[in-house]
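Hello,

Here is the structure for you to look over. My notes come after it.

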Amino acid sequence: MQGAATLLEEVFGFDAFRPGQEEIVTAVAGGQNVLAIMPTGGGKSLCFQLPALMRDGVTVVISPLIALMRDQVRGLREAGVSAGALTSGNTPEETDAVWEALERGELKLLYIAPERLAAGSALNMLRRIGVSLIAVDEAHCVSQWGHDFRPDYLRIGELRRALNVPLAAFTATADQETRDEIVTRLFDGEPPASFLHGFDRPNIHLAFEAKNAPRKQILGFAEARRGQSGIVYCGSRAKTEAIAAALREEGHNAAHYHGAMDPDARRHVEHRFNTEDGLIVVATVAFGMGVDKPDIRWVAHADLPKSIESYYQEIGRAGRDGAPAETMTLFGPEDVRLRRSQIDEGLAPPERQMADHGRLNALLGLAEALECRRKTLLGYFGEDCAECGNCDLCDSPAETFDGTTPVRMALSAMLRTGESFGSGHLIDILLGANTDKIRQRGHDGLPTYGVGREYDKRQWQAIFRQMMGHDLCRPDPERHGALRMTPAAHPILRGEAEITLRRDSIKAAPSRPTVKA
Ligand code: ADP
């Protein structure tokens, strides 16, 4: 059986589980009956698709919407998974092909429309093909009180009894009546393993800071928490070693950890971390799986995580004991440039690259959020939350200003120079700097030359970073990171849209972050 984490990455192309997914995948793959309640968009399908690959035989998926089934089958096939659907929308050829694949024992996932279960032949067929798991999407359709009631869903209980295999039911509807009815009708009243927890980890304080002097910022953060167990995540192996050494120089108990270390050395650090009090581990994302320490008091990111999912998973290692824990994530334009080029230069197919850019945008949106971070974070995972009172933006609300004019200036400088330069040169143009590069290329004759003197260099850097955060421009990896506009910038440039920027991140960050009492 291949590991869930490997399949997650290799088949689905995701770098981390979303909240709740890992526990559900483990239970379903382990053959338990499961009822999982997750918000829409939370990532339910992965919770049965991934276990289907981990188990022998066929997983039957019952889903009420033909369009959705077809979408999922298409997606799975593109990822190289053998999947098929039997629905009334099939052509006879499609149906034949699904049957043949089943007979040959090739299919891993078979999607079936519930009305198919009404025909007695379906049960005989399913008996023959070696079903190992039944997954029921939109399980609330079994509830007669709900507005989505589907009489054919009532047959699923029968099917489970006849096949005698585990069943995993998924829904976004969480009210108690519906849940009770699902348990009665699908599980004959035997309580399944149930997963219904909010994704919120209210004891974890969330904060982001613009990366100005990263080493100093990390050292400052650790200093204010001296003696507490913490993790510093870094984007490179070399950096883990350098920061761990710097922390030791300041008298902290610190060790580094990365994937190139030999297994014994890694186990040694894991053991120390789990057993010693107050050790700081400076690590790449390789550190995490072997860590089971409930009282990690803080997690700092010296570099921006890969995606919003990775961010959630990594900060989620803090404060498992429920006591207050703190996090701080540094981010800067270099992080954005690096991640974008990793995605663009990767071997993933174009749709996946687009999705990866989207997930990075979500994280940047969180980094540049104007209101409560938790609201933004949980909103991304489909969960509502009030202002949390436990993030940097609730502590001191972001001061904002109308950034339309400077953003338009910057976009115009970008366009007039053929989208061929990075932010450094564009800022020189906006500030009217007298550099060789500007003189040689005649950029001192541009209408945008010197129009941005109202802001200084650091402020312009913050504006460019926020522009990248809003995905108004992206560095082009084939042209040394030259900034190119995205379509999202067009309405601003045309004067049809305005943009609000944060002023606080334009100000210089304090060299020592203030600590909450
Ligand atoms: P729902 O819970 O509404 O059925 P889906 O299963 O359709 O949600 O998933 C919603 C979106 O989340 C999809 O675009 C899917 O690709 C994405 N997704 C699911 N799991 C992950 C993950 N671990 N990392 C990143 N994206 C994910």
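The notes below cover the sheet, the helices on it, the ligand shell and the nonpolar cores.

Please keep in mind that this is a predicted model.

Sheet. There is an open sheet of 7 strands with parallel pairing, in the order β3-β4-β2-β5-β6-β1-β7. Its edges are β3 (83–86) and β7 (193–195); each has a single partner strand, so one side of each has no neighbour in the sheet. From one strand to the next, the twist averages 15°. The parallel strands β3 and β4 (residues 109–112) are joined by 4 bridges, and Ala85 stands opposite Tyr111 in β4.

Helices on the sheet. Helix α4 (residues 66–78) lies across β3 and β4, at about 160° to β3. Helix α2 (residues 21–29) lies across β1 (34–37), β6 (167–171) and β7, and runs at about 160° to β1.

Ligand. The ligand is surrounded by 14 residues, and the closest are Phe14, Gly43, Lys44, Ser45 and Glu309. By class, this shell has 4 nonpolar, 6 polar and 4 charged residues. Helix α3 (residues 44–54) gives the most to the shell, with 3 residues.

Cores. The largest nonpolar core has 78 residues, of which Val232, Val281, Val282, Ala410 and Leu426 touch the most other members. Apart from this core lies another, of 52 residues, including Ile24, Ala85, Ile112 and Ala168. Back in the largest core, Leu426 is in contact with Ala410, Ala413, Met414, Phe421 and Leu483, leaving aside neighbours within four places in sequence.

Regards

Conventions
Residues are numbered from 1 along each chain as its sequence is written. This is a predicted model: local features need pLDDT of at least 70, side-chain atom pairs count only at pLDDT 80 or more; totals for chains, interfaces and linings use all residues. A nonpolar core is a set of buried Ala, Val, Leu, Ile, Met, Phe, Trp, Tyr and Cys residues joined through C-beta atoms within 7 Å. A residue is buried if 20 or more other C-beta atoms lie within 10 Å of its own, exposed if 12 or fewer, and partly exposed in between; C-beta atoms are placed from the backbone. Two residues are in contact if their C-beta atoms, placed from the backbone, lie within 7 Å. A residue is near a molecule or strand if its C-beta atom, placed from the backbone, lies within 6 Å of it. Helices (H or I, at least four residues) and strands (E, at least two) are DSSP runs, numbered from the N terminus. Ala, Val, Leu, Ile, Met, Phe, Trp, Tyr, Cys and Pro count as nonpolar, Asp, Glu, Lys and Arg as charged, and the others, Gly among them, as polar. Two strands pair if DSSP finds at least two bridges between them. Axes are lines fitted to C-alpha atoms, for helices over the stretch in contact, and angles run from 0 to 180 degrees between N-to-C directions.
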